[in-house]
Amino acid sequence: MSAIGSRPNDDVVRSQYLASLDEQSRDWELVLRESHHRMKNTLTLLGASVRRDFTRAGARDVSVAVDRFERRLVAFGRLYQLLSDSDDVSAVDVRAFFENLCAALSEAVLEPAGIRCEAAIESGALSASQCHRLALMLTELVTNAAKHAFPTRKGALIRIEVANHDDAWFCTVADNGIGATGPLQGTGSRILEGLARSIHARLQGETGQGGTRVTIVMPAAA
């Protein structure tokens, strides 16, 4: 009787285990898709940089263009290192982490495009997984703004804010560009939505003549 009576419990445990594996599989697939998308965007940005620098460079300026391109490759390396999840770290200093991320984004993505970056980061602590997912989302939003918000670069500015209040973290990317013509679409938006769900966050956006502002709202206890 005891063996027969244990079967329902065994079935429940097995079902929960399979559900956990399925969730982990979907989670890993999401991160893998984001990695591929990030590499595609990186190569696009680097390709545009090469065309711009070497087209206008004379023979005497080629070495300068090569040095500039090398520095940008190094900056992308630092950015990818920050975007790599650190499973061996239980908690991450929010201010230090996101200030380093903003500096890497500025050097790798924004400065070469003539876009100024401002950052306001509050102190606090988050898990490595939370920081990693938020960093991936912020990077996607910044890259998207750099690619589409400024058909002319005069006075271009992107501001990144990370703040903690009302038991939630608010991570915002705002630009003073032309404003989005519609909702975010394509692979980038689907990845953003998937990453948001993975940390129980939601996206809030507004756009107009003064630019676009997108905020990630994540419960502090996510």
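How many helices and strands does the secondary structure of the protein come to? The secondary structure comes to 5 helices and 7 strands, where helices (H or I, at least four residues) and strands (E, at least two) are DSSP runs numbered from the N terminus. This is a predicted model, in which local features need pLDDT of at least 70 and side-chain atom pairs count only at pLDDT 80 or more, while totals for chains, interfaces and linings use all residues. Residues are numbered from 1 along each chain as its sequence is written, and side-chain values use heavy atoms, with hydrogens and water left out.

**View 1. The protein as a whole.** From the N terminus on, the order of the elements is α-α-β-α-β-β-α-β-β-α-β-β. Among the contacts (heavy atoms within 4.5 Å) with a separation of 6 or more, 72% are between residues 24 or more positions apart.

**View 2. Threonine 207 and its surroundings.** Threonine 207 lies in strand S6, which spans residues 202-208, and counts as partly exposed because its relative accessibility is 44%. Leaving aside neighbours within four places in sequence, threonine 207 is in contact with Gly179, Ala180 and Thr212. Alanine 180 is 27 residues away from threonine 207 in sequence, yet the C-alpha to C-alpha distance is 6.1 Å. With threonine 212, the side chain of threonine 207 makes a polar contact of 2.9 Å (a pair of N or O atoms within 3.5 Å; within protein, one must be able to donate a hydrogen and the other to accept it, and residues adjacent in sequence count only if both atoms are side-chain atoms).

**View 3. An aromatic pair.** A search of the whole structure finds 1 aromatic pair (rings of Phe, Tyr and Trp, the last by its six-membered ring, with centres within 6.5 Å; planes under 30 degrees apart count as stacked, over 60 as edge-to-face and the rest as tilted). Phenylalanine 97 and phenylalanine 98 form this edge-to-face pair, at 5.0 Å centre to centre and 85° between the planes. Phenylalanine 97 counts as buried because its relative accessibility is 13%, and phenylalanine 98 counts as buried at 0%.

**View 4. Cysteine 102 and cysteine 117.** The structure holds 0 disulfides, a disulfide being a pair of cysteine sulfur atoms within 2.5 Å. For cysteine 102, the nearest cysteine sulfur is that of cysteine 117, 5.2 Å away. Cysteine 102 is buried, with a relative accessible area of 6%, whereas cysteine 117 is partly exposed at 22%.

Terms used. Buried means under 20% relative accessible area, exposed over 50%, partly exposed in between (1.4 Å probe, protein chains only).
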